[in-house]
Amino acid sequence: MKPNPDGEHSSTQALYAEFRRPLLSFFRRRVKDPGEAEDLTQEVFSRLLRERPGDGIADAKGYVFRIALNLLRDRARREGVRGATLLSDVHAGRVASLVAELVEDRHPERVLLAKDEVGRVVRALSALPERTRDMYILFRLENMKQRDIANLYGLSRSTVEKEVMRATLHLALRLERGER
């Protein structure tokens with residue numbers, strides 16, 4: 001794709017050069033088919049071209065990954081509809097017994113304890129500096145490789161390792177002390 005004389009596609013090309021590999025990695029961790037991960041990555045840039053954001057993107061990383069998350073949500077909705085159609089073809093009694101076997105019992109006490117624990121983790125994470133918190137979430141929850149995080153932030157892998165360790169230690173100490 002060649003940029004127009006007014007540079008219309010130049011910002012999209014710059015985003016492509018910067019974010020293609022991190023996006024591909026992001027999608028590969030979330031979908032089984034590598035071809036689908038490639039298609040989703042291309043769709044992000046296709047949407048960028050259709051929307052023509054120009055150079056006015058304040059947070060390019062956030063914007064690009066917001067599009068990626070929206071694509072995954074759309075995909076999940078489509079898959080949910082397909083799954084519902086398949087379940088409707090199965091005998092209702094058989095489905096009910098299968099669900100009863102697979103779903104664990106949710107006692108109110110257990111639900112409250114789980115909500116409390118999640119709240120503690122969220123509060124502990126919110127006490128971290130934003131960059132450290134984001135790196136920890138990308139690494140631990142999004143399963144992004146540290147070298148990809150380093151490339152995304154323009155840092156060394158060693159720096160990312162230290163930030164992740166810092167966050168891990170912070171969480172361990174806060175949760176061990178039982179801070180609310």
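In which helix is Phe27 found? In this predicted model, where local features need pLDDT of at least 70, side-chain atom pairs count only at pLDDT 80 or more, and totals for chains, interfaces and linings use all residues, Phe27 is found in helix α1, which spans residues 10-28. Residues are numbered from 1 along each chain as its sequence is written, and side-chain values use heavy atoms, with hydrogens and water left out.

The chain comes to 8 helices and 0 strands, where helices (H or I, at least four residues) and strands (E, at least two) are DSSP runs numbered from the N terminus. Read from the N terminus on, the elements accordingly run α-α-α-α-α-α-α-α. Of the 180 residues of the chain, 26% count as buried, a class defined as under 20% relative accessible area, with exposed meaning over 50% and partly exposed in between, for a 1.4 Å probe and protein chains only. Among the contacts in the chain with a separation of 6 or more, 61% are accounted for by residues 24 or more positions apart, contact meaning heavy atoms within 4.5 Å.

Phe27 itself is buried, with a relative accessible area of 0%. When residues up to four places away in sequence are not counted, Phe27 touches Ala37, Leu40, Thr41, Val44, Ala68, Leu71 and Leu72. One of these residues, Thr41, stands 14 residues from Phe27 along the chain, and the C-alpha atoms of the two are separated by 7.3 Å.

Two packed helices are described by the angle between their axes and the distance between the axes. Helix α5 (residues 108-126) and helix α8 (residues 157-176) have axes that come within 10 Å and cross at roughly 135°; axes are lines fitted to C-alpha atoms, for helices over the stretch in contact, and angles run from 0 to 180 degrees between N-to-C directions. This angle makes α5 oblique to α8, since angles under 35 degrees count as roughly parallel, over 145 as roughly antiparallel, 65 to 115 as roughly perpendicular and the rest as oblique. The crossing in which α5 passes α8 is right-handed, a term used if the near helix is turned clockwise from the far one by less than a right angle, and left-handed if anticlockwise. On the α5 side the contact is made by Glu117, Arg120, Val121, Arg123, Ala124 and Leu125, and on the α8 side by His170, Leu171, Arg174 and Leu175. By class, this contact has 5 nonpolar, 1 polar and 4 charged residues, with Ala, Val, Leu, Ile, Met, Phe, Trp, Tyr, Cys and Pro counted as nonpolar, Asp, Glu, Lys and Arg as charged, and the others, Gly among them, as polar.

The axes of α6 and α7 also come within 10 Å, crossing at roughly 140°, and their crossing is right-handed. Arg131, Asp134, Met135, Leu138 and Phe139 of α6 make this contact with Gln146, Ile149, Leu152 and Tyr153 of α7. In the loop between α6 (130-141) and α7 (146-153) is Asn143, which has a positive phi of about 55° although it is not a glycine.

Helix α6 also contains Thr132, which is buried, with a relative accessible area of 1%. The side chains of Thr132 and Glu163 are joined by a polar contact of 2.3 Å, that is, a pair of N or O atoms within 3.5 Å, of which, within protein, one must be able to donate a hydrogen and the other to accept it, residues adjacent in sequence counting only if both atoms are side-chain atoms. Glu163, placed in helix α8, is likewise buried, with a relative accessible area of 11%.
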